Amino acid sequence: IAMGDPQSTGEAAMDLDMLKDIADVTGGTPFRADDRAQLENIYRKIDALIPIEIETHSYRPTRPLYHWPLGVAVLLVVLYHILMGGSQALRALRIRHG
């Protein structure tokens, strides 16, 4: 879809011949829109040419699975407290008998 002023120059210049060549090579159709109404009309034509049918597949677990990571987190916290409590007990024993 070419949009803009065909009389412009530089990087803003439209190359309608190149657009036609690309459309020919790809099997498409070149379009040119000078204003918003023409652009909307072009979009309607394109939508009519290519109807889109989307087939989606989604998976939703039937059972909640949050308890596995939650259980691991609780186990790690308990293990941390056991290890920290054990190291403090060892320090206390060393101080008393040291």
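Hi everyone, let me start with overall dimensions: a compact globule of 98 residues would have a radius of gyration near 13 Å, but the protein chain we're looking at has 35 Å. Please keep in mind that this is a predicted model. Along the principal axes, the C-alpha atoms fill a box of roughly 95 × 45 × 30 Å.

How confident is the predictor? The pLDDT of the protein chain averages 84, and 97% of the residues score at least 70. Going element by element, helix H1, residues 16–26, has the highest mean pLDDT, at 89. Strand S1, residues 2–3, has the lowest, at 82.

Now for the secondary structure. There are three helices and two strands in the protein chain. If you follow along from the N terminus, the order is β-α-β-α-α.

Next, the surface. What share of the 98 residues in the protein chain is buried? The figure is 7%. The accessible surface of the protein chain is about 9,200 Å², and carbon and sulfur atoms hold 60% of that.

On to contacts. Taking the contacts in the protein chain with a separation of 6 or more, 36% of them come from residues 24 or more positions apart.

Which residues does Ile46 touch, once we leave aside its neighbours within four places in sequence? Ile46 is in contact with Ile1 and Phe31. Thr29 is another residue to look at here: Ile46 and Thr29 are 17 residues apart in sequence, and their C-alpha atoms are 9.4 Å apart in space. As for solvent, the relative accessible area of Ile46 is 27%, so this residue counts as partly exposed.

The second one is Ala37, which is also found in helix H2. Is Ala37 buried or exposed? Its relative accessible area is 51%, and the cut-off for exposed is over 50%, so Ala37 is exposed. Ile1 comes up again here: Ala37 and Ile1 are 36 residues apart along the chain, with 13 Å between their C-alpha atoms.

Methods:
Residues are numbered from 1 along each chain as its sequence is written. This is a predicted model: local features need pLDDT of at least 70, side-chain atom pairs count only at pLDDT 80 or more; totals for chains, interfaces and linings use all residues. Side-chain values use heavy atoms; hydrogens and water are left out. Helices (H or I, at least four residues) and strands (E, at least two) are DSSP runs, numbered from the N terminus. The radius of gyration is taken over C-alpha atoms; the globule rule is 2.2 Å times the number of residues to the power 0.38. Buried means under 20% relative accessible area, exposed over 50%, partly exposed in between (1.4 Å probe, protein chains only). Contact means heavy atoms within 4.5 Å. Accessible areas come from the Shrake-Rupley method with a 1.4 Å probe; for residues, only the protein chains shown count as cover. pLDDT is the predictor's confidence in each residue, from 0 to 100.
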